[in-house]
Amino acid sequence: GQDRARIWSFPGGELLHEIELGGPPWDIGGRESLLLAEVWGTETEDGQKPLHLRAWSLPNGEQTELGTMTSLPDGALSSWFTSGGTGWWYRKSNEVYVRPLPISEGTPDRLVAHHENRMEGATTRSERLADPNRLWSRDVVTHVLLQLDLSASGGQPVRVIGPPPGLEPGVPYEPALGGRYLYDSPPVQRDGRVRLWDLSSLPGAEPRELKRAGDWYFAQFAMHPNGDWAVASTHDSQELTFWPLRAPSAIVVNGYPRTIFFRPVAFTPDSNWLATYWEPTARLWPLPGTASQEIRDLDLTFQLGVLRLYPTIDPAGERAFVASFGNDVLLVPLDGGKSTQLSGFAEYTLVAQGAFSPSGRFAAAGMFRRNSRPDGSVDPAGKLRVWNLETGADRAFDLPPSVDPTGEDATAGSERPVISVAFADESTVY
């Protein structure tokens with residue numbers, strides 16, 4: 001019946017406990033060791049309907065009365081318990097209050113936050129139960145999400161999150177798992193899916209689409225606290241759909257430029273960052289699990305523009321070697337500092353991917369192709385160059401001419417393109 005609560009195990013679906021609430025609940029929920037409920041009492045002669053705040057310890061089901069209110073605070077729009085049932089918060093217009101529990105006559109409610117604009121609730125049931133001391137609100141003017149710490153004073157949000165990339169204007173979105181994820185609210189979904197944005201993933205990544213047949217209208221959506229599963233009800237709440245979220249899936253960021261012939265990528269040695277070309281510069285992307293979520297654009301100033309760009313990261317993960325045409329050979333700090341131009345090749349030489357020595361003391365790159373000047377002339381150029389990054393000295397090496405498949409020397413002066421280079425040790429380059 002509606003005056004009782006049933007508790008099942010997951011996975012398995014075994015009925016573990018059944019608790020009599022003592023009346024119809026306004027709201028109910030709990031964690032492993034505590035069940036909390038707001039329970040309506042019997043209407044009084046003057047038309048008041050009291051609200052009982054109750055807690056049950058689990059698994060034995062021992063009940064504790066936390067207080068009774070003859071009426072709700074004026075203007076209260078939503079409410080729930082703080083952590084461990086030690087308080088009861090409620091939201092009214094642009095303010096949030098906490099009432100200490102058990103209720104004691106004469107003890108005032110504590111003002112937790114006063115916002116400039118009117119706020120509406122954005123804390124889902126699963127979020128509320130996972131961390132009862134954290135409350136999400138949505139600013140109805142700016143549409144950003146603000147998270148409050150109900151145990152703190154001062155009213156300043158501990159986190160502010162704007163709409164996820166690609167979300168259509170006016171579509172509501174909700175937080176999950178403390179704001180690690182955002183999802184578009186299922187009640188508006190009629191296209192067989194809910195979109196899930198992982199904010200710990202690459203910034204700007206496309207959302208993961210969780211699809212199923214059937215109507216999403218007024219479905220409820222939640223995520224398991226460890227992030228392994230997502231679940232949604234059908235619109236009539238008769239069935240549940242589960243998705244395993246640990247299954248491998250691609251992370252997609254749209255907008256990769258198509259204006260250059262080659263678009264390589266490179267990881268830093270600690271796997272915290274990914275370097276790519278991103279017109280008109282090289283970009284560092286923080287990878288999932290990295291403390292920072294800030295994208296870094298590196299300081300690149302090329303004289304002749306970019307046709308191809310291969311960023312190479314040094315063993316310490318502190319610098320990138322980046323080259324394009326001839327003199328456009330740069331040593332770039334990954335912390336966003338000023339780049340250093342190295343002595344390069346002839347002006348119209350197309351430079352191949354570079355390499356660092358194991359210690360990071362040396363860098364090397366070769367000539368991929370020697371292009372003609374606008375007047376048709378061709379610059380002479382060394383085919384391989386090695387830089388001593390400590391002293392700034394460099395040395396150029398000419399390579400032997402190409403050999404055709406018959407083993408005979410090709411035409412004198414023909415090009416042997418250097419596709420890539422690598423250090424075997426501090427003194428040998430392949």
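Two strands pair if DSSP finds at least two bridges between them. Helices (H or I, at least four residues) and strands (E, at least two) are DSSP runs, numbered from the N terminus. Welcome to these exercises on a predicted model, where local features need pLDDT of at least 70, side-chain atom pairs count only at pLDDT 80 or more, and totals for chains, interfaces and linings use all residues. Residues are numbered from 1 along each chain as its sequence is written, and side-chain values use heavy atoms, with hydrogens and water left out.

**Exercise 1. Strand β12 and its partners**

Find the strands that pair with β12 (residues 134-139).

Step 1. Start with strand β11 (residues 119-121), which runs antiparallel to β12 and is joined to β12 by 3 bridges. Here Glu120 stands opposite Arg138.

Step 2. Now turn to strand β13 (residues 145-149), which is antiparallel to β12, with 5 bridges joining the two. Look for Trp136, whose bridge partner in β13 is Gln147.

Step 3. Follow the chain from β12 to β13: the two form a hairpin with 5 residues between them, and His143 in the turn has a positive phi of about 70 degrees.

Step 4. Check how covered β12 is: 5 of its 6 residues are buried. Buried means under 20% relative accessible area, exposed over 50%, and partly exposed in between (1.4 Å probe, protein chains only).

**Exercise 2. Strand β23**

Explain why β23 (residues 273-278) can be called largely enclosed.

Step 1. Count the buried residues: 6 of the 6 in β23 are buried, so the strand is largely enclosed by the rest of the structure.

Step 2. Look at each face in turn. Trp273, Ala275 and Tyr277 are buried on one side, and Leu274, Thr276 and Trp278 are buried on the other.

Step 3. Go to strand β22 (residues 265-267), which is joined to β23 by 3 bridges in an antiparallel arrangement. Ala266 stands opposite Ala275. The hairpin of β22 and β23 has 5 residues between the strands, including Ser271, which has a positive phi of about 65 degrees.

Step 4. Go to strand β24 (residues 281-286), which pairs with β23 in the antiparallel sense over 6 bridges. Leu274 has Trp285 as its bridge partner there, and a hairpin of 2 residues links β23 to β24.

**Exercise 3. Thr312**

Describe the surroundings of Thr312.

Step 1. Locate Thr312 in strand β26 (residues 312-313). With a relative accessible area of 11%, Thr312 is buried.

Step 2. List the contacts (heavy atoms within 4.5 Å). Not counting residues up to four places away in sequence, Thr312 touches Arg319, Ala320, Phe321, Gln353, Gly354, Ala355 and Phe356.

Step 3. Take a closer look at Gly354: its backbone oxygen lies 3.1 Å from a polar atom of the Thr312 side chain.

Step 4. Ala275 and Thr312 are 37 residues apart in sequence and 8.4 Å apart in space, C-alpha to C-alpha.

**Exercise 4. Arg385**

Is Arg385 buried or exposed, and which side chain does a polar contact join to that of Arg385?

Step 1. Find Arg385 in strand β33 (residues 384-388). Its relative accessible area is 13%, so Arg385 counts as buried.

Step 2. Look at the side chains: a polar contact of 2.5 Å joins Arg385 and Asp394. A polar contact is a pair of N or O atoms within 3.5 Å; within protein, one must be able to donate a hydrogen and the other to accept it, and residues adjacent in sequence count only if both atoms are side-chain atoms.

Step 3. Widen the view. Beyond its neighbours within four places in sequence, Arg385 is in contact with residues including Ser343, Phe345, Ala364, Asp394 and Arg395.

**Exercise 5. The whole protein**

How many helices and strands does the protein have, and what share of its residues is buried?

Step 1. Tally the secondary structure: the protein has 1 helix and 34 strands.

Step 2. Consider burial: 43% of the 430 residues count as buried.

Step 3. Consider contacts between residues at least 6 apart in sequence: 38% of these join residues at least 24 apart.
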